[in-house]
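Here is a short briefing on one protein chain. Start with a local detail, then step back to the whole fold.

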Amino acid sequence: MIELKGINKTYQTANGSIKALENVSVDIGPGKAWGFIGLSGAGKSTLLRCVNLLERPDSGTVLIDGEDLMALNSKTLLRRRQRIGMIFQHFNLLANCSVFENVAFPLSIAKLSKNRIRELVGESLDIVNLSDRAKDYPAKLSGGQKQRVAIARAIAMEPKILLCDEPTSALDPQTTSVILEYLKKVNQGLGITVVLVTHEMEAARKICDTVSVLEHGRLVETLSLSDPAVDPQSVLARHLFGYGAGI
Ligand SMILES: Nc1ncnc2c1ncn2[C@@H]1O[C@H](COP(=O)(O)OP(=O)(O)O)[C@@H](O)[C@H]1O
Ligand SMILES: [Mg+2]
């Protein structure tokens, strides 16, 4: 369970302050696939990074399974973060490491035994159907394969939550569908809560139960995508759903 309560975040820059998030509250139940959608600059990445405190809110509360992350000391926070996976638009693989070593990397940081690491890497690569590429280096892989390695790296840590920041934005439509299918498998097959940040409603529609719309740092609307009569009210949500006029 992820509970964000009254999250505020302002960045100070040379040109003044930017209010990235304003009083954002949302509860995401366990096992959900939850989308955050909005235009560029809406605050989506900032909000996602608040879930594992890579970004610390100025005020508000972040509860994971009832535990207040902001109250933890840094050592405990690091341990909690190990159970919150993250994937990114640009994959963030280590170029000088093989696929196996990339997936093993966080496991060795967490000081797991060699045998356990081999086991977890094997299982994770199996889930993304890349067992036969374990010895390859990222440069030999396509974008979609790289993102599958990133998914394997995240799930090898047996996370409860997987945070996805525009995971398909660098991929062509066909590869996007493949990656979304794997994320669905992670969500429905492994029971991992998936939080998907995207600017593409199509992506959210493919895997999310629910989508929250962010605009200028504010949460304007939350919609159930399983509802066939879903009827967005805000101009932005209607635009993102492909209804009515542009914005
Ligand atoms: N580290 C930062 N320093 C200063 N401003 C930032 C920083 N990160 C994000 N911002 C600003 O905060 C706002 C929200 O950014 P972001 O969360 O990246 O939005 P999104 O992911 O929806 O595109 C934008 O105006 C962006 O320029
Ligand atoms: Mg972003």
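Lys-111 sits in the loop that links α3 (99-109) to α4 (114-127). Helices (H or I, at least four residues) and strands (E, at least two) are DSSP runs, numbered from the N terminus. The model is predicted: local features need pLDDT of at least 70, side-chain atom pairs count only at pLDDT 80 or more, and totals for chains, interfaces and linings use all residues. Residues are numbered from 1 along each chain as its sequence is written, and side-chain values use heavy atoms, with hydrogens and water left out.

- Most residues other than glycine have a negative phi.
- Lys-111 has a positive phi, near 60°, and is not a glycine.
- Lys-111 counts as exposed because its relative accessibility is 72%. The cut-offs are under 20% relative accessible area for buried, over 50% for exposed, and partly exposed in between (1.4 Å probe, protein chains only).
- Glu-166 also has a positive phi, near 50°, in a residue other than glycine.
- The loop of Glu-166 runs between β7 (161-165) and α6 (173-190).
- Glu-166 counts as buried, because its relative accessibility is 11%.

**Cysteines**

- The disulfide count is 0, where a disulfide is a pair of cysteine sulfur atoms within 2.5 Å.
- Cys-164 is in no disulfide; its nearest cysteine sulfur belongs to Cys-208, 8.8 Å away.
- Cys-164 counts as buried, because its relative accessibility is 0%.

**Overall fold**

- The chain holds 8 helices and 10 strands.
- Its radius of gyration is 18 Å, which agrees with the value near 18 Å for a compact globule of 247 residues. That radius is taken over C-alpha atoms, and the globule rule is 2.2 Å times the number of residues to the power 0.38.
- The C-alpha trace spans about 50 × 45 × 35 Å along its principal axes.
- Of contacts between residues at least 6 apart in sequence, 64% join residues at least 24 apart. A contact means heavy atoms within 4.5 Å.

**Surface and charge**

- Buried residues make up 49% of the 247 residues.
- The accessible surface comes to about 11800 Å², and carbon and sulfur atoms account for 50% of it. Areas come from the Shrake-Rupley method with a 1.4 Å probe; for residues, only the protein chains shown count as cover.
- There are 29 positive and 26 negative side chains, and the centres of the two sets lie 7 Å apart. Lys and Arg count as positive, Asp and Glu as negative; His and the chain ends are not counted. Each charge is placed at NZ of Lys, CZ of Arg, CG of Asp or CD of Glu.

Methods. Chains are lettered from A and ligands numbered from 1 in the order in which they are written.
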